[in-house]
Amino acid sequence: MSKKIKAAHDAPAERSAHDDHRPDVGLYIKVFAALMVLTLVTVAVSKLHLPRPQAIALGLAVALVKASLVGGIFMHLWGEKKLIHKFLYVTGAFAFLFVITMTDGALLVKKMTQRMPVADQHPDEGGEKVSVSEAVALPPPAAPAPKTAKKGKAK
Amino acid sequence: MNAIIMDNPDTHSGISNAKLGVWLFLASEVMLFATLFTSYIVLRMGATSWPWGWDALNVPLATLNTAILISSSVTIVMAYAKAYDKDKNGFQLWMAATLALSFAFLVVKAFEYGHEFKLGIAPSTSVFYAVYFTMTGLHGIHILGGIIVNTGLLYMSTKDEHWEHPLFLGRVEGAGLYWHFVDIVWIFLFPALYLL
């Protein structure tokens, strides 16, 4: 066994596994400041009453940046071994697949249960512009017949 | 013998078994919270109305808790830095700070829950509150788990034999990874429940 390999065997295993992640205290402080600022930005933006889609997109984007900073710097994912990255890619792909499938299912159910105009259901046949509710609605109750004069008794 | 084995002789992947185990555990945790977030999305899409967080929950307290949790992420990574340098006192100081912040988070959360219960709000009040209590409750349980692990590490650090153990630094890093994951979950929970 060569001297280099023997040295690797004699060295504490955990220490050699951590040599890639030499702590950088200055960077940690900068990330901490960035996370605090981004938190305040998220809260401030939520007070602006943006339309829901824009607000959700913005909130999600800021949360993703914050999560990336924590994962990349604090969890040392930047510079981590590729095997860990592969684990996370697979996990992320399955989580994404799960979220998309379920969300798509929820959208489908919503579409199936909401009332659609007849014309939208049969566009090729030029259906009438009458909603389903109107099409299946019962006719309005007939107005009460006007009272007529009592007929005389039949003789 | 190839270079990978030379990097870390106890594995064939170049990654210690403990670290690999923690990452696999975190992958399963990602799926757990993915199911909860999916439930949140589906229930929200199916709801006829969804309250604005500022009206339904205590946003200032939740913002304070966010700041507390982010701070605790920094203190635990500082504890790791001190453990890396074999600085026993520094490690104990930063780990104690992490524990103090963890308890502070739970105390603030308890105030928030207490105020809601006083108003008669419970998980059965509405779909929104059912989702809110389930997700924040599970997150709170994860905080408790982290407190137990970090307390154990703080206790272990008082004994010199652990500092001489080659696996001690890996344990500190594993606990840190878990704690950062809990922080990331809150980073998404906070806007999803309180702000959007």
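1. Starting with a tryptophan: B:W54 is partly exposed, its relative accessible area being 22%. For the record, buried means under 20% relative accessible area, exposed over 50%, and partly exposed in between (1.4 Å probe, protein chains only). B:W52, with 18% relative accessibility, counts as buried. The ring centres of B:W52 and B:W54 lie 6.1 Å apart with the planes at 40 degrees, so this is a tilted pair. The rule here takes rings of Phe, Tyr and Trp (its six-membered ring) as a pair if their centres lie within 6.5 Å, with planes under 30 degrees apart counted as stacked, over 60 as edge-to-face and the rest as tilted.

2. A word on what we're looking at. This is a predicted model, where local features need pLDDT of at least 70 and side-chain atom pairs count only at pLDDT 80 or more, while totals for chains, interfaces and linings use all residues. Residues are numbered from 1 along each chain as its sequence is written, chains are lettered from A and ligands numbered from 1 in the order in which they are written, and side-chain values use heavy atoms, with hydrogens and water left out.

3. Chain B as a whole: its secondary structure is eight helices and zero strands. Helices (H or I, at least four residues) and strands (E, at least two) are DSSP runs, numbered from the N terminus. The C-alpha atoms of chain B occupy a box of roughly 65 × 35 × 20 Å along the principal axes. Of the 196 residues in chain B, 53% are buried. Among contacts in chain B with a separation of 6 or more, 75% join residues 24 or more positions apart; contact means heavy atoms within 4.5 Å.

4. Now the interface. Chain B puts 59 residues into the contact and chain A puts in 57 residues. About 5400 Å² is buried between chain B and chain A, with 77% of that from carbon and sulfur atoms. Buried area is the accessible area (1.4 Å probe) that two parts lose on being put together, summed over both.

5. What about charge across it? The count between chain B and chain A is one salt bridge, meaning a side-chain nitrogen of Lys or Arg within 4 Å of a carboxyl oxygen of Asp or Glu. B:K19 pairs with A:E80 in a salt bridge, and their closest N and O atoms are 2.9 Å apart. On the chain B side, α1 (3-7), α2 (17-46), α4 (59-84) and α8 (168-195) each supply at least two of the residues touching chain A. The largest share, 15 residues, comes from α2(B).

6. B:T63, in helix α4 of chain B, is buried at 16% relative accessible area. Setting aside neighbours within four places in sequence, B:T63 touches A:T39, A:V43 and B:F190. B:S102 sits in helix α5 (residues 88-118) of chain B and counts as buried at 0% relative accessibility. With the neighbours within four places in sequence left out, B:S102 contacts B:I143, B:I147 and B:W179.

7. Back to the rings: over all chains the structure holds 22 aromatic pairs. A:Y28 and A:F74 make an edge-to-face one, 5.9 Å centre to centre with 70 degrees between the planes. A:Y28 is in helix α3 (residues 25-46) and A:F74 in helix α4 (residues 52-74) of chain A, 46 residues apart. Both A:Y28 and A:F74 are buried. In chain B, ring pairs join residues into a cluster, including B:Y40, B:W50, B:F105, B:W186 and B:F190.
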